[in-house]
Amino acid sequence: MTSHTDSSAKLLNAVTEGAEKGVIPASIFGDPDLYRQELRNVFGRCWVFLAHESEIPAKGDYVLRKIGEDHFIVVRDDEGEINVLFDACRHRGVQVCRSDSGNTSHFRCPYHGWTYNTKGNLVGAPLWRNAFGGMSKEGNGLASAAKVASYQGLVFGTLDESAPPLKEYLGGMAWYLDLVFGLNEHGVEVLGPPQRFVIDANWKSGAENFSGDDYHLGTLHRSVWEIGAFPVPFHENMMGYHIQASPGHSLSFSMAQDADEPGPNYFGFPDELAQSFNTTNISADQLEVARRSRVFVGNVFPNFSMLALPMTEDGSHHPPVGILTLRTWQPHGPGQVEVWNWFAGYKNLTPEQKDRAYRAGLGTFSMGGAFEVDDTEPWITVSRTGSSTAAKLLDFQLNYEMGKPGVGISKPVKEWPGPGRVQWTRYEEGVQRNLYTFYAEMMRSAPGEWPSLAFGEDAADTGEESQA
Amino acid sequence: MDSTLPRITADTALYAEVLDWIHTEAELLDDLREREWLETMVSRDVTYAVPLRQTVERARGRGFSPDTYHLLETYGSLDSRVTRNETPYAWAEDPPSRIRHFVTNVRARRTDAPDVIAVKSNLLLHRTRQDQSVPQLLSAERHDELRREDGRLMLLRRDVLLDLTVIRTHNLAIFF
């Protein structure tokens, strides 16, 4: 009888070999053993997005977030530093933070009253002298994430001491995050707390969709064009770039073929806002890519996605306007994902522009929105297929061939100002093969070891380009 | 709802009219007659909102977050939703869920505006789809304002206060 570990290892080998060929075993979307290994090897090690700095602007502000399935308090302490504290009392492991957000000077365990400050240090406990002989409180604080760091206001944490610095982990993706979040010196803020909803799907479906699944737009989201929610016709919208920014992280741009073609640019953000965009924090190349872009969609491995594009919730009364949404695909079991969805906007938008962007985002990319309501439908059945006995017995492989050499019209692009492997036209699934190749490597890496975070220079290492 | 405003009691013709309005609305929505609901029961000036909710300490109230929503609709955006469902590509509700609105605890009051009635009700929304045998349940308190327009009551405002912070349904492609 094959052991559980053997079965997971076999699946992971099939992912690595398959990604190169353009097939992925369906069982990765539902296998419970693989899922447990994901919690340990992916969510237990990678940099995981937790919050936007604008959610906790003041000292003592906190939000409750998750790494994998585990609860962490993300809190700004008295010195303004952000700490990520494991929400478990050192005495009996009881939850010490019982609100989703707030402002506090301390967290107190409701069981026996151990009390921690916003750095997680134990500062008091009832009858400490009688009960514990006044022993040192040091070493009895809340546990912290191994590392915490921000990039462009995005706060990440990792549980792995051996994780490379955040900037190195983001690799080429940082260049693309800049041109979404750093277009001017004001930067971005979130527009309220996140929506949260749970669906019966695997977290990877969200991650791969936002890595650049544009092919689904014409079928699944056809209604969005029918009601005038999005201004770029489907076939034109398929023109643009798919970019494997670095191992694991992928993204997609919709871009006009002619750089000066009229139509939405800067993701449809208002012209008055676009006038404030400059090269204070980014390069002229980054600014130019943003200018030409109609749509940006991307995923930071493993489960942090973002999307910027022109949308409207009511095409007959309001023209599309640039919206910006951030989301995490929070694992909730092999067949369940909790979606966290934030709307964000540039801080120097006027209140009216913010309201417009918020309403447009809510009416399209939210659980009640014209775009997103349809997305959950296929993902639920992907997970059903992924957990099926049939998929295991039949060794059921899913097709991820699009954009491989000779498959479709997509071609590698050499002239591109940014990092990563670039393909032109969005009829392409290398972005997803990139996700799963890195996923399998991360899953197999021994504690302390990390897969390469940069693509090798030689053609042999790039696989696809060697055949191009 | 301002509790100092005069209560419309169950023994009045107006209360019976409100109750009949609520039952008619539930029937139209349960029967997927969304266009008819929109055109005959919803005011052009409608605000239709499902505010976002967080878990917070008792001292901070009920956790409804200001200016943040699951749904925030105008007549135009409701019309977009109905129009979308009329296309053959609205997969989220095609095949449609089976939806049942159970509306109880109906309380009505007059408001400062002579033609506007405030109505509170409890809603249990029971939803199944495809071969699902375990229902998705959404329970909420509805705060409605009904305005008399050309003789008939029309939905002017609806705030749906959900009893959930994490929504356990695959989408909100439905009407509360």
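How many residues does the contact take from chain B, and how many from chain A? With contact meaning heavy atoms within 4.5 Å, chain B gives 36 residues and chain A gives 40 residues.

Please note that this is a predicted model, in which local features need pLDDT of at least 70, side-chain atom pairs count only at pLDDT 80 or more, and totals for chains, interfaces and linings use all residues. Residues are numbered from 1 along each chain as its sequence is written, chains are lettered from A in the order in which they are written, and side-chain values use heavy atoms, with hydrogens and water left out.

Between them, the two chains bury about 3200 Å², 51% of it on carbon and sulfur atoms. Buried area is the accessible area (1.4 Å probe) that two parts lose on being put together, summed over both. B:Arg84, B:Tyr89 and B:Trp91 supply 19% of the area that chain B buries against chain A, more than any other three residues.

B:Arg84 also forms a salt bridge with A:Asp374, and their closest N and O atoms are 2.5 Å apart.

I turn now to the largest pocket. About 560 Å³ of space lies in it. Its lining comprises 29 residues, and those nearest its centre are A:Gly192, A:Pro193, B:Ser65, B:Pro66 and B:Thr68. On a 1 Å grid over the protein atoms alone, a pocket is an open set of points where a 1.4 Å probe fits, with protein on both sides within 12 Å along at least five of seven lines; lining residues have an atom within 4 Å of a point. Grid points are joined across faces, edges and corners, and the volume is the space filled by probe spheres set on the points.

Methods
Salt bridge = Lys/Arg side-chain N within 4 Å of Asp/Glu carboxyl O.
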